Amino acid sequence: AESRRIDRFGEPLLLAAELPADLFHRFAWWIASAMRDTIEGDEKDRILGEAVKGAIGFLGKEESAAQAAMMLARHLLRLGGIEDRLIADLFREGKLGFTIASLAARANIPAALIWVMLGDPDAARLTIVLKAIGMDRTAALGLIADLLVARGGHGSEGDGRLSDAVEAFDTLTYDEAGLLIRPWQAPL
């Protein structure tokens, strides 16, 4: 699913499955409208209408990369787990979809919330999640450092945020972190 997101020139593609349904409908009709003047004959409106209906009928049948990543993460979790190092390495390689799915599966937190946590300027909530899932200190703090650097966290401000994350990770117990993430967790 992820490989379908890149064209043959290495440029990103936007898949229909990644779009909200209402936006996909609008795109389909905009494209049909733009094509209307390029088609000859009396049947052009019927042909374009059928093409749009066919495209809309396809919506929801294609698996998104996020759905595929979540299915894979849950499967790996059932088979014995997802190694800490794998999550950190995948993040470093830019495989955000599977990184997020892995963290979501291990913590039983919706993937959308993990996305939000990755956007936190200080990575405080992500630090709590990493502690709650029992992630190894080296992998967890490496992931947080990579995240802060990726967001331009160089210099004293970035160093201060990393220092705060290290302190929080080291002082917070596994049980305390588990209690803190409970409100974020999906019901089983």
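Trainee: Buried means under 20% relative accessible area, exposed over 50% and partly exposed in between, for a 1.4 Å probe and protein chains only. Which of these is asparagine 108?

Mentor: Asparagine 108 is partly exposed, at a relative accessible area of 26%. Bear in mind that this is a predicted model, where local features need pLDDT of at least 70 and side-chain atom pairs count only at pLDDT 80 or more, while totals for chains, interfaces and linings use all residues. Residues are numbered from 1 along each chain as its sequence is written, and side-chain values use heavy atoms, with hydrogens and water left out.

Trainee: Where is asparagine 108 found?

Mentor: In the loop between α5 and α6; helices here are DSSP runs (H or I, at least four residues), numbered from the N terminus. Asparagine 108 has a positive phi of about 55 degrees, although it is not a glycine. Most residues other than glycine have a negative phi.

Trainee: And what phi does alanine 123 have?

Mentor: Also a positive one, about 60 degrees, and it is not a glycine either. Alanine 123 lies in the loop between α6 and α7.

Trainee: Is alanine 123 buried or exposed?

Mentor: Buried, with a relative accessible area of 0%.

Trainee: Switching to helix packing. At what angle do α3 and α5 pack?

Mentor: About 45 degrees, with the axes 8 Å apart. Axes are lines fitted to C-alpha atoms, for helices over the stretch in contact, and angles run from 0 to 180 degrees between N-to-C directions.

Trainee: What about α6 and α7, how do their axes cross?

Mentor: At roughly 125 degrees, coming within 7 Å. α6 and α7 are therefore oblique to each other too.

Trainee: Which residues make the contact?

Mentor: Leu113, Ile114, Val116, Met117 and Leu118 of α6, with Arg125, Leu126 and Val129 of α7; contact means heavy atoms within 4.5 Å.

Trainee: What else is valine 129 in contact with?

Mentor: Leaving aside neighbours within four places in sequence, valine 129 touches Ala107, Ile109, Ile114, Met117, Ile181 and Trp184.

Trainee: How many residues are in the largest nonpolar core?

Mentor: There are 40, and Val129 is among those with the most contacts inside it, as are Leu103 and Met135. Such a core is a set of buried Ala, Val, Leu, Ile, Met, Phe, Trp, Tyr and Cys residues joined through side-chain atoms within 4.5 Å.

How values were computed. Helix = DSSP H or I, 4+ residues; strand = E, 2+ residues; numbered from the N terminus. Parallel < 35°, antiparallel > 145°, perpendicular 65-115°, else oblique.
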